[in-house]
Amino acid sequence: MKRIYIRDAEQISLQQPLSEEWMSAPVYCREPYARVVDPDFRLWLSPAESRRLGRILKRALVIGRVIADKTGIGTPDAILVGTGLGCMENTERILEPLCRDGEQMLSPTHFMQSTHNTIAALLAIHSGAHGYNITYSHKDLSFDLALQDACMQFRAGALRTALVGGFDELTPSYYTLLRRIGCLGAEGQAPGSEAAVSLLLTDDGRDALCEVAAMRIRYRPTDDDLSELLSEALAEAGIAPEGLAGILTGADGNPANDRFYETFVSRLLPGVPALRYRHLFGTGYSASAYGVYAAAHCLGRGFIPPALRCGAAPLGDGRPQALAVLNQRGDKHYSLVILRALCGD
């Protein structure tokens, strides 16, 4: 079977942007809502570009350029993006004048940049990528579906490189709505925030962070289905359960959400350290992208930061050889990604 590697992974989040400083000196956000910490866009974008583009588009474009500079791969074979809300800020900039001004004096720029697939299209235009280009918009499973699609394309031999991203905005007005219905903002819950993550996948393991060893997605699985999902993924990855150095879960401080992860780990992976990441990067529709990003850098750098630990099981000694990333929302959509270190390849 064709092997798939994560060559590079970059983020803009609540942590230091475009940096892995969070692994040694994490920033903890104490507010229930916070927007990401943007880099100085002027280092990568001209003033004209910066004025014309919304923030989510600038984040995607800058991350893509940083990955291209680091890897030397400026034109990937495919671009796949997962986004739950798309360009939410530009969407609001259309709707608010519609209500306020009676459909007069609308900006065409905001309309053109409001669709969900604008992000992938912009990346393709600026990188000169004329190949496979797709956007998934399925709430919390958006990034996971984009990653699964990329893996399927690699397995079929259709791709050698792919840029896979997870992007979302959380505007103050939309956060207010989510807080009112109890989705965000509860005491002790991870901060509601945005997402901006890109991974460069390749079929060449040189200088890669890790390997995507297996991936599974299920809709409304039973307990037996979840056990089978885990067994299938571990068998494909060639890893025994005790070979996992940890499992990064989507635990965010919401008891209704976290209860599943606690049960899953205690029942199916007893003794495997439970890890979390949303308290560092925030929670939102594309937050699962941060889980894969964090796991990839843990394997690439050979250690798991104590800031990720959330369970009672101690972290093992030595370099982690494999990590799992588990994501679920609303007891409907479930995804499992297993990443493997490249030591000894």
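I will go through the aromatic pairs of this model and then turn to one residue, Thr202.

Please keep in mind that this is a predicted model, in which local features need pLDDT of at least 70 and side-chain atom pairs count only at pLDDT 80 or more, while totals for chains, interfaces and linings use all residues. Residues are numbered from 1 along each chain as its sequence is written, and side-chain values use heavy atoms, with hydrogens and water left out.

The structure holds 8 aromatic pairs, where rings of Phe, Tyr and Trp (its six-membered ring) pair if their centres lie within 6.5 Å, and planes under 30 degrees apart count as stacked, over 60 as edge-to-face and the rest as tilted. One of them is the tilted pair of Trp22 and Tyr293, at 6.1 Å centre to centre and 45° between the planes. This pair links distant parts of the chain, 271 residues apart, with Trp22 in the loop between E1 and H1 and Tyr293 in helix H11 (residues 288–301); helices (H or I, at least four residues) and strands (E, at least two) are DSSP runs, numbered from the N terminus. Both residues, Trp22 and Tyr293, are buried, meaning under 20% relative accessible area, with exposed over 50% and partly exposed in between (1.4 Å probe, protein chains only). Together with Phe281 and Tyr290, Trp22 and Tyr293 form one aromatic cluster.

Now to Thr202, which sits in strand E5 (residues 195–202) and is buried, at a relative accessible area of 2%. Beyond its neighbours within four places in sequence, Thr202 is in contact (heavy atoms within 4.5 Å) with residues including Arg3, Tyr5, Phe154 and Arg160.
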